[in-house]
Structure formats: C-alpha cells, structure tokens
Amino acid sequence: MGPHVLIFPLPLQGPINCMLKLAEIMCIQQIKVTFIITQHIHRCLFHSSDAQAYSTKYDDAFRFKPIPDGLPQDHSRTVFEFSELMLSLGAVAPPILHQMLISTDSPTCVIADGLLSFATDIAAQTGVPLLYFDTISPSAIWTYMCLPKLIQVGDLPFKDDNLDECIRNVPGLEGIMRHRDLPSFCRGAIDFTDPQVDLVLKQVHHMPLSQGLILNTFQHLDAPILSQIRKLCPNIYTIGPLHAHRQTSYINSSSIWEEDWSCISWLDNQPSGSVLYVSIGSLCVMTKEDFFEILHGIVNSGSRFLWVRRPGSVAGLDPIDIPLELSRATEERGCTVSWAPQQEVLAHPAVGGFLTHSGWNSTLESVVAGKPMICWPHYVDQQVNSRFVEEMWKVGFDMKDSCDRVVVEKIVREIMELRKDEFLKRSIELSEAAVASVGEGGSSAAELNRLIDDIKYMKL
Ligand code: UDX
C-alpha cells in the first residue's frame, strides 16, 4: 500500500483553499488523500459542476469524507460566531477521527488544522504521525506562542488607553508590535472562559507535540519570525504561497460561494491600475456606519472600485438606505458583486490596490499579485498581519482602529495616485520573491519536496 494522508481543514473558505491545494499536490505526487470536510461545505463546494472530478482525475487517489459539523439542522451557516462552529465541531469530530485512524484503511499520516488540538491525543493513542498545518500567518502564530509569557510577566492585560505602547516580550518584534497589534481578544480584561482564548492557548500547547508544522508562507517573507517559531517547533515546512504553486491545474475553484465572473468583464473595461478592490473575506461583518464611512471615503477619493458585498457582510444594511449620490457614484465608477473570483481579480491589470480585512489568504494573494494594500483588520491574526503590511514589508497602510471617511479618502489617494509608484515598486519586488520561492530551486518548492519525501518515507 502506498502512502495515504488524511487532511482535516477547518470548514472555512481560507483553510479549505490552502488544504485543497495541498491535497491536489499530494495526489500528483502519488500520495492518496482522504479529505475531511463538513457536509455543509461539501454541498457548497459542489453547487456546480465538478462534483466527482477530483477522484476521477486522480484515479480514486482522492476522496472526500463528509462529516457533520454539529450545528443545529436549521442553522443558516452564513453568519455565525467562529467559536460556535469550533465548539460544535470539537464535540462531533474526535470520535470520527479516532475511528478513521483505527480502520483498515487508516492513513500513514494526518495533516490537521492547528486549531484542531484534539488531533494530538487521538494521533498519539493510535500511533499515526501528526502534522499540524496552521493556515494563519506565522507572525500571528508566534504572537499566540508568546501569550502565556505576556500574561505571566504582566504585559497582559493592558489598559486600553495604552494602545500605542510597544511590547517587549514578543522576541523578534521589539519596536514593531504595539498593544493595538495584538489579536483583538487581548484588549480589555482577557477572558479565559472565552472559547476563542481557550482554543488559541490549547493550540499553542499542542503544536510542538506534533511531528511537524506546515506554514503557508515563504522564507523571504517571514524569516525573522520563522527562526523564532523554530525554537519551539524545530520541524517547520514553509511551503507557501500555496496558491502560487503552478504544477496543479485541476481545481477550477474551491470557492464555497458562487463566483460572479461579470466583474472580470467590468475590469476589462477599466484603465490600468485604476480600480481599488474591496473585500472583507468570508467571515467578517462590518457595521452599517463603517460601511458608509468607507464607501464615502472611496467615492470622495475619485477612485474606481470593485466591492465584494457578501450577503450578511454589512449588518442590517438595506440598499434603500444608500444615499443617492453614493448609488450614482457606484453606478458610474463602481461594481458590486456578492462573491468574486478573487485571485483573478487581484491579477487583473486594472486593479491598482486592495482594501482588505487582512485575512492571511487575502494578504498572500495580494502579495503574489503585487498589489498594494489598505488594511482594515477585524480580529484574530488580522491585527498582526496589517502591522506587517505597513511596517515590515511596507506595501500598504494599516488603517486599524479608524474608520473615518476623511482618513479613507486620504489613504486611497496615497495608494492609488500620490505614492502609487513607490508602493507598486515594493509590491512587485515582494511578488517576485513570492513567485521565485515556489519556482524551480525556490525555498518553498524545496520545502514542499521535503514534506512529500517525509510523508512518502515516513521519516517524521
Ligand atoms: C479567516 C480569518 O478571518 C483570517 O483572519 C485568517 O487569516 C484565515 O481564516 P477569511 O476571513 O475568510 O479567513 O479571510 P482570508 O484568509 O483572506 O480568506 C478568504 C478567501 O476567500 C481568500 O482565499 C479569497 O481568495 C477568497 N475570496 C474572498 C474569494 O474567493 N472571493 C471573494 O469575493 C472574497
């Protein structure tokens, strides 16, 4: 029997994108894959054409294993608390995983999302090697790893009037990381009964117990942070940006919502570099007030824009509330879709910048496309990611904690007009480094080969 990997992502768009890409690479390398996915996501993925395509293409080397997510049957699953999903999945998934690891078709290795800490004990009990794949940014993972220390030395909790003070106890980020750049749950009194805090602290404890940690980044991008993480997890595989590996071809889309391709035709008719792309990813929800401030700011800047308004992403918005002048401006130089083919949008020459919530996948996709970013982070890793965009890589602005039409207008002008060349130059340099890392002889290509060899020969 050949090598067989069981891949278990979080049932969310970003992690699914990464893990499906990794699964496809494994299949091409003659490694059989069982891909655990919730029944809901399985239905969403195959709302369209290629339901059986994966297994047909790979001669049954690939199969989905749909499992319940534990949420009530009548749950909408469009807007939910992340911890609600994690708690319900954490209740139903462990016995299923255990059963799969002791079955006759048990895998030679498990690759689980870093937040699925229950996999540690199950892998140990069944003797199956475990790799964690943490699909958020290394800078956020490193910050999480430092949280116990920050709490111990009294850096946390901090006072909210102290947001700009630098933190000394995140090694490697001295002088860069401020209180306001810590994950959002660090603000105010840390609530240890908060399921999100519990999940993160468990993750930090469990990660070093695995045989290795896979990260969606490349050496050049995160070198100082990677050397810190290696002190706790010596065996890390930096194989990203995964979506930029070109040897895969078969996944048309791993989107859980239907993409509206009409925005590409709209972009085709816009001048080069003139459009600001706006999206807050698959989970974030903005208030109506913030929506209007951002829309006013962009309209006042005079920029063209393509806005992804995912259903439910603006709480309580009734289109009728949109003032006439904003509707007119949107008609004249804007385009709104409910879900876009984001990688194609970012690669389009008409797109000159990206106003993003700084989710890690969106950040990497923008880096690869060479597009400057305006970051408006919400939670988890996004606060750290946006700081890196502005302060470490210098490919955009961090608009964290302010949502004011005057600020938005000013920043959009800077990115799209006034300092366009400067930001574009650095973004293109970073993009070239990203593409080189996954190309022949690149660091991520080599790390991916090492991962594949380790799995094939189980040198873990
Ligand atoms: C979540 C967290 O919010 C984020 O902080 C963390 O880094 C990963 O998990 P999400 O909010 O969905 O992810 O953001 P992100 O990581 O950016 O992933 C969104 C994915 O959806 C991207 O791969 C993007 O290409 C895709 N997308 C987004 C589309 O395909 N179409 C769209 O219209 C918008």
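**View 1. The shell around the ligand is made up of 24 residues.** Those that come closest to the ligand are Gly14, Gly281, Gln342, Gly359 and Ser362, where a residue is near a molecule if its C-beta atom, placed from the backbone, lies within 6 Å of it. The structure is a predicted model, in which local features need pLDDT of at least 70 and side-chain atom pairs count only at pLDDT 80 or more, while totals for chains, interfaces and linings use all residues. Residues are numbered from 1 along each chain as its sequence is written. By class, the shell around the ligand holds nine nonpolar, 13 polar and two charged residues; here Ala, Val, Leu, Ile, Met, Phe, Trp, Tyr, Cys and Pro count as nonpolar, Asp, Glu, Lys and Arg as charged, and the others, Gly among them, as polar. Helix H1 (13–28), helix H12 (342–347) and helix H13 (360–369) each supply at least two residues of this shell, and the largest share, four residues, comes from H13. Helices (H or I, at least four residues) and strands (E, at least two) are DSSP runs, numbered from the N terminus.

**View 2. Helix H13 is largely enclosed by the rest of the structure, because ten of its ten residues are buried.** A residue is buried if 20 or more other C-beta atoms lie within 10 Å of its own, exposed if 12 or fewer, and partly exposed in between, with C-beta atoms placed from the backbone. Among the buried residues of H13 are Trp360, Asn361, Ser362 and Glu365. Gly370 follows the helix H13 and has a positive phi, near 70°.

**View 3. Strand E8 (residues 275–279) is largely enclosed by the rest of the structure, since five of its five residues are buried.** Val275, Tyr277 and Ser279 point one way from E8, whereas Leu276 and Val278 point the other way. E8 runs parallel to strand E9 (residues 304–308), to which four bridges join it, and also parallel to strand E11 (residues 351–356), to which five bridges join it; two strands pair if DSSP finds at least two bridges between them. Val275 has Arg304 as its bridge partner in E9 and stands opposite Val351 in E11. Together, E8, helix H10 (residues 288–301) and E9 make a right-handed β-α-β unit, right-handed in the sense that, with the strands pointing away from the viewer, the path from the first strand over the helix to the second runs clockwise.

**View 4. Seven strands form an open sheet with parallel pairing, in the order E3-E2-E1-E4-E5-E6-E7.** At its edges are strand E3 (62–67) and strand E7 (236–238), each of which pairs on one side only. Within the sheet, four bridges join the parallel strands E5 (residues 130–134) and E6 (residues 212–215), and Phe133 stands opposite Ile214 in E6.

**View 5. Ser210 lies in the loop between helix H7 (195–206) and E6.** With 24 C-beta neighbours inside 10 Å, Ser210 counts as buried. Ser210 and Tyr132 are 78 residues apart in sequence, yet their C-alpha atoms are 6.6 Å apart in space. Leaving aside neighbours within four places in sequence, Ser210 is in contact with Thr120, Leu130, Leu131 and Tyr132, two residues being in contact if their C-beta atoms, placed from the backbone, lie within 7 Å.
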